[in-house]
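I opened the model and went through a few spots. These are my notes.

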Amino acid sequence: MPQREYIPRKYQPIQENGYTSKTPHTSTEVALESTDTDSPFLFTFQAVRPGLFRTTFSSKTHPLPPHPSTPRPAIDFQGRKPSSESAESKHSIKIGDVEATVDWSNAPVVSLQLAGQEKPIHRDLQFRSYAVDSAGIAHYTSYKRDTLHVGLGEKAAPMNLANRHFILSVTDSFGYDVYRTDPLYKHIPLLINATPEGCVAMFSTSHSRGTYSVGSEVDGLWGHFKVYRQDYGGLEEYIMVGKTVEDVVKIYADLVGYPRLVPRWAFGYIAGGMKYSTLDEPRASDALMEFAGKLKHYDIPCSAFQLSSGYTIAETEPKTRNVFTWNRHRFPDPEKFVADYHAEGIRILANIKPYILSNHPEYQKLAAAGAFFTDPRTKKSGIARLWSAGGGESGEGGHIDFTSEFGFQWWYEGVKALRKVGIEGMWNDNNEYTIPDDEWECDLKREDPTSTANVGKQVGLWGRSLQCELMAKSSHDALVDFEPEYRPFVLTRSATAGTMRYAASSWSGDNMTSWDSMKGANSLALNAGMSLLQCYGHDIGGFEGPQPSPELLLRWVQLGVYSPRFAINCFKTDENDNTIGGVIEPWMYPEITPLVRDVIKRRYEIIPYLYSLMLESHMTALAPQRWIGWGYESDPEVWTPEIMRGETQYWLGDTIMVGGVYEAGNTTARLYLPKSDNDDGYLNLNAPHQYISSGQWIDLESQWKDGIPLLARVGGAIVVGKDIQTRSPGDNRFPSANVVEDDYRALEIFPPAGVSSKVFSYTWYEDDGISAKLQLSAFTVKYSSTDDTVLVELSKGEDNKFVPVWTDLDIILPFGDKRTVVTGSGPCRKGNDSRGRSVYTL
């Protein structure tokens with residue numbers, strides 16, 4: 001790309017509120033105007049909230065993002081009184097533990113410093129901070145070498161983004177290399193720099209394409225730096241400062257919105273596979289009922305099925321995908337098919353793609369109504385090559401422009417029609433908007449007129465990824481308007497920060513079948529969680545590529561059940577037939593089918609734990625799946641390169657440490673056990689079930705037919721339920737003999753081996769699993785231990801609104817623990833479970 005960089009270097013304060021250019025500011029905002037450019041550039045810096053600051057750099061030729069990915073927040077210092085100091089070309093603002101300084105003796109330099117620290121935690125690059133570059137801008141900041149950089153939504157492994165260059169765009173990266181492919185599917189310009197001393201994050205609200213060099217560029221004059229380059233428009237950027245990653249992510253969630261509530265059924269096994277919906281003989285609907293029958297035969301619970309786009313393929317030539325239509329040969333009675341699946345206890349997620357091929361029955365109507373982008377060369381609807389039928393096949397057509405009234409409403413009505421058939425979840429797929437020309441024009445009829453004035457209609461400035469956000473809003477709004485009392489479920493492949501205000505879940509797209517793909521996926525998930533994609537997972541076994549071996553499939557299922565989203569879905573292209581493709585089925589290898597079944601049943605057991613983590617995510621932005629340094633920032637080892645790669649282990653909640661084995665034939669896993677000032681070590685959840693001290697690297701034996709490495713934090717707990725599908729208490733719509741009442745709860749606790757003076761506490765959350773309005777209840781168990789007993793106390797939250805179906809609570813001790821569980825009123829009833837563990841009923 002051409003570089004036409006110019007750096008305004010002379011600024012003066014803007015006359016405002018009685019202040020002149022010679023009068024020092026004494027406020028929480030700095031507003032400057034350049035005096036050495038033909039078109040003056042406006043630079044502003046503003047304290048917004050404790051730990052949150054807003055910076056802009058714009059002009060008439062470089063306007064601020066016309067549809068930012070988050071609305072501008074109100075000023076709220078939360079009872080804290082800011083202070084400020086001014087000099088001739090410098091202004092400092094102090095709020096809480098953070099002092100911000102703007103120095104405009106040359107190009108403006110923003111620096112942020114935490115109280116008690118000698119050096120700034122963030123500083124712009126002197127003399128080159130804010131640059132004009134052709135139609136866009138560049139923002140240069142100092143780079144801290146050998147520190148952790150995370151975020152950016154979803155980027156190639158490893159987790160640490162340091163010393164790398166990234167394209168800020170999205171594409172349909174079918175069969176990508178998890179360690180090399182860039183870009184992938186998410187456009188979220190959030191970069192977090194975490195150090196033992198504190199964390200700082202930068203977030204741009206633009207949907208424009210760009211790049212991020214995270215220390216990958218170095219120059220003898222400029223040294224080591226980071227640079228965010230934005231192709232079009234001016235800069236609106238928020239800077240967040242906190243002591244930990246958790247602090248910064250919460251500030252970010254306060255800005256852009258917290259993760260949505262997810263229906264509880266979405267935490268079960270979600271099945272899929274392109275092949276089923278593309279079959280003509282037997283009919284797809286019959287083949288899918290056969291699949292449901294096999295689930296029952298093999299005693300494998302399943303909560304939902306991802307219905308691929310084969311149901312929309314036309315019955316006659318050209319047999320292309322036509323969204324919101326049904327192939328009536330494959331699905332003669334869609335409503336009956338969905339009802340039959342509901343009777344099996346399985347929900348349907350329908351694949352919907354935001355483009356229309358020219359042979360779609362409603363293409364001409366949409367084109368006439370202005371529902372597509374306009375190509376300024378022809379003054380007609382822009383024509384793009386789009387996936388049409390089999391793998392690699394394409395046809396001409398257009399993407400829906402969701403800034404148009406007609407396009408947005410047409411999509412909304414199509415989603416509503418699918419919901420009327422009984423389909424509960426919308427699977428927004430292929431929504432990367434690979435439009436070939438920045439000059440194509442949006443309709444903008446749905447946009448605020450004050451945002452569209454004097455900025456043009458070009459998709460380059462408005463951003464392709466804006467369409468992904470608006471598509472999610474249209475799908476979301478249709479579901480909400482159809483059933484306002486139930487929480488909507490939109491699954492999205494591409495995403496922006498704004499998309500996740502409407503979509504509840506996402507995944508890592510069309511991954512490959514390989515050991516490396518399974519390993520690298522951990523890094524993607526950790527960065528996604530820190531970017532607020534927190535109900536996130538992967539296509540277990542790999543979407544594209546060869547079929548997994550029995551060992552790889554079992555290892556991947558063992559790992560996948562310990563993630564927020566667990567789905568097996570694929571389209572394994574066949575050189576002899578590119579229309580159907582192979583599928584991964586839990587019973588495809590009879591020698592491991594019982595093992596796969598047991599692992600999936602364990603998934604259902606821990607749904608109460610996963611669901612509680614989701615509720616916590618919705619309320620606090622605490623990701624269920626976390627980097628192992630999360631909460632252990634005082635341990636120097638978590639800041640070493642191997643651990644910052646985030647590939648081989650992670651926390652699921654704050655109790656379960658999940659490891660893995662990532663090579664064929666390997667039976668040993670290497671894990672690090674982080675240490676805090678007051679921890680009690682770990683317990684191996686597999687044989688030999690030993691207690692292990694923290695602060696060390698360990699090698700654990702892990703035979704592939706036995707399971708992956710799992711450890712529990714001593715003093716933690718896991719709330720569990722039945723190992724089959726249970727009904728969400730608030731959802732009586734689809735009764736099924738395969739779905740039973742959620743009337744069992746147990747708590748797996750992990751007390752120290754002997755006497756401990758500590759009282760450990762664990763709180764989990766529950767609600768009815770489906771309602772749009774959260775009616776929350778909290779339950780807390782406290783326990784302490786001696787050599788002979790474990791004293792347990794259960795309490796309920798004072799403001800509990802939800803009454804669960806279960807009444808008793810079982811306490812499950814670790815394998816081999818022979819102590820007696822007692823309460824304040826005496827011993828509890830004792831039994832044993834199928835794993836040989838002692839179970840006591842409160």
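In which strand does Ser 506 lie? I found Ser 506 in strand E30, residues 505-507. Strands here are DSSP runs of at least two residues, helices (H or I) of at least four, numbered from the N terminus.

I noted that this is a predicted model: local features need pLDDT of at least 70, side-chain atom pairs need 80 or more, and totals for chains, interfaces and linings use all residues. Residues are numbered from 1 along each chain as its sequence is written, and side-chain values use heavy atoms, without hydrogens or water.

**Confidence.** pLDDT is the predictor's confidence in each residue, from 0 to 100. The chain averages 95, and 98% of the residues score at least 70. Over residues 17-25 pLDDT stays under 50.

**Ser 506.** I checked its burial: Ser 506 is buried, at 1% relative accessible area (buried is under 20%, exposed over 50%, partly exposed in between; 1.4 Å probe, protein chains only). Beyond four places in sequence, Ser 506 touches residues including Lys 186, Arg 493, Cys 535 and Arg 565. Contact means heavy atoms within 4.5 Å.

**Asn 684.** I placed Asn 684 in strand E39, residues 682-684. Asn 684 is buried too, with 4% relative accessibility. Its side chain reaches the backbone nitrogen of Asn 686 at 3.0 Å. Among the residues Asn 684 touches beyond four places in sequence are His 689, Ile 692 and Leu 711.

Definitions and conventions:
A polar contact is a pair of N or O atoms within 3.5 Å; within protein, one must be able to donate a hydrogen and the other to accept it, and residues adjacent in sequence count only if both atoms are side-chain atoms.
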